[in-house]
Amino acid sequence: MGTFAGFIYRQLIVKPKPLAANVRLDGKTALVTGANAGLGFEAARELSSHGLARLILAVRTVSKGEEARDMILAESPGVTVEVWALDHESFVSIDEFGRRASELDRLDIVILNAGVKNLDYVETKTGHESHLQVNHLGTALVSVHMLSPLSRTAKLLGSPTRLTIVSSENHFWANFKELQAVNTRAQLDSYRDCFRGLDRINIEEYSTSKLLNVLWMCELSGRAGKMGLDIVINSVNPGLCASSLHCTDPQATRAVRLIAYTSAQGGYCLTDAVVLHGEARGAYLSEQSVKDPSTFVLSGAGRGAQKKLWKETVDLLKTEAPVVEILQSLTSV
Ligand SMILES: NC(=O)c1ccc[n+]([C@@H]2O[C@H](COP(=O)([O-])OP(=O)(O)OC[C@H]3O[C@@H](n4cnc5c(N)ncnc54)[C@H](OP(=O)(O)O)[C@@H]3O)[C@@H](O)[C@H]2O)c1
């Protein structure tokens with residue numbers, strides 16, 4: 001895993017498959033972020049076609065979510081589809097979203113898929129760099145909010161519920177030299193001054209954010225397990241897929257034309273990760289199988305990075321985001 005030749009081989013030879021027709025999700029409630037487009041939309045659409053009872057499309061722009069809802073209902077009229085606003089660039093929006101989710105009578109499946117790729121430095125409304133904010137901090141805070149409704153549902157049903165964070169094979173390719181900094185998170189945020197206009201903010205920033213997704217997932221899964229929360233938490237690499245994610249990246253756009261999966265095939269990888277492989281907690285899935293993440297993630301340095309990232313992220317969230325009660329318990333286990 002992680003070599004360029006291996007990546008090309010997998011894109012050309014391995015073809016993601018949809019869930020088997022006999023997989024049933026009757027009675028279940030699923031929530032997908034970034035669900036109006038690309039892989040998130042395709043995953044939401046596929047879950048709906050397997051008997052899902054209720055689907056929550058978490059979207060930045062509600063009108064886009066309503067269009068997605070109408071398309072899903074045209075194919076799967078039996079599912080109740082709701083469109084909820086969620087903006088990863090606003091801790092207040094995430095808090096409102098999380099509190100709404102905490103009132104759900106049932107939540108079985110969560111796919112945290114919303115993400116961006118920018119080649120230039122983009123500062124978000126929170127003042128943080130866009131990959132750090134949307135891909136890591138936003139995803140991390142939403143993940144924490146999801147734990148209470150997921151664990152309540154697991155208790156009620158006597159079987160685990162599921163949360164998948166969408167990462168990428170790019171996590172193998174991150175240099176992550178910011179790990180050496182006293183505060184890694186602050187270092188990732190600092191490029192606004194010294195690297196604007198230079199080539200630091202290119203694919204490296206995106207790849208690093210996808211590595212942070214894997215490290216956060218590993219730490220969250222371990223801590224949720226220690227708290228006795230019966231939730232299968234994993235991360236998934238969907239492979240290179242045709243979607244609007246690559247619209248600002250000419251190199252990726254060329255590769256997409258030659259070797260990309262369709263968004264639907266990428267969506268199959270998301271649904272596979274969140275529905276199947278329930279025995280593997282804290283796992284990384286790629287090609288619809290449990291695989292090793294990068295050697296860095298598995299190394300002692302990687303485990304150290306995981307702890308450092310957890311602490312720095314929690315410290316930031318405690319300062320900048322409204323309080324989430326469960327975060328205190330997660331921090332003390
Ligand atoms: N496509 C690939 O080749 C590939 C490969 C590996 C991993 N991934 C991962 O797969 C996930 C989905 O990517 P995609 O290819 O489907 O891209 P996409 O088509 O661009 O979809 C991204 C989704 O994220 C949403 N989003 C962006 N910023 C947001 C914010 N601030 N708050 C809430 N939602 C926000 C977008 O909403 P708007 O429509 O409103 O912008 C959209 O729904 C990402 O996490 C990406 O890193 C993709």
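**Helix packing and burial**

User: What is the handedness of the crossing of helix 5 and helix 8?
Analyst: The crossing is right-handed. That term applies if the near helix is turned clockwise from the far one by less than a right angle; anticlockwise is left-handed. Helices are DSSP runs of H or I, at least four residues, numbered from the N terminus. This is a predicted model, where local features need pLDDT of at least 70 and side-chain atom pairs pLDDT 80 or more, while totals for chains, interfaces and linings use all residues. Residues are numbered from 1 along each chain as its sequence is written, and side-chain values use heavy atoms, leaving out hydrogens and water.

User: Why are helix 5 and helix 8 called roughly parallel?
Analyst: Helix 5 (residues 130-157) and helix 8 (residues 203-226) pack at about 20 degrees, axes 8 Å apart. Roughly parallel means under 35 degrees (over 145 is roughly antiparallel, 65 to 115 roughly perpendicular, the rest oblique). The pair is therefore roughly parallel.

User: Why is Ser151 called buried?
Analyst: Its relative accessible area is 13%. Buried means under 20%, exposed over 50%, partly exposed in between (1.4 Å probe, protein chains only). So Ser151 is buried. Ser151 lies in helix 5. Beyond neighbours within four places in sequence, Ser151 is in contact (heavy atoms within 4.5 Å) with Thr161, Leu229 and Ile231.

User: What puts the buried residues on the same side of helix 1?
Analyst: The buried residues of helix 1 (residues 4-13) are Gly6, Phe7, Arg10 and Gln11. Their arc, taken from the directions from the helix axis to the C-beta atoms, is only 130 degrees, so they share the same side. Exposed Phe4, Ala5, Tyr9 and Ile13 sit on the face turned away.

Conventions: Axes fitted to C-alpha atoms, helices over the stretch in contact; angles between N-to-C directions. Helix = DSSP H or I, 4+ residues; strand = E, 2+ residues; numbered from the N terminus.
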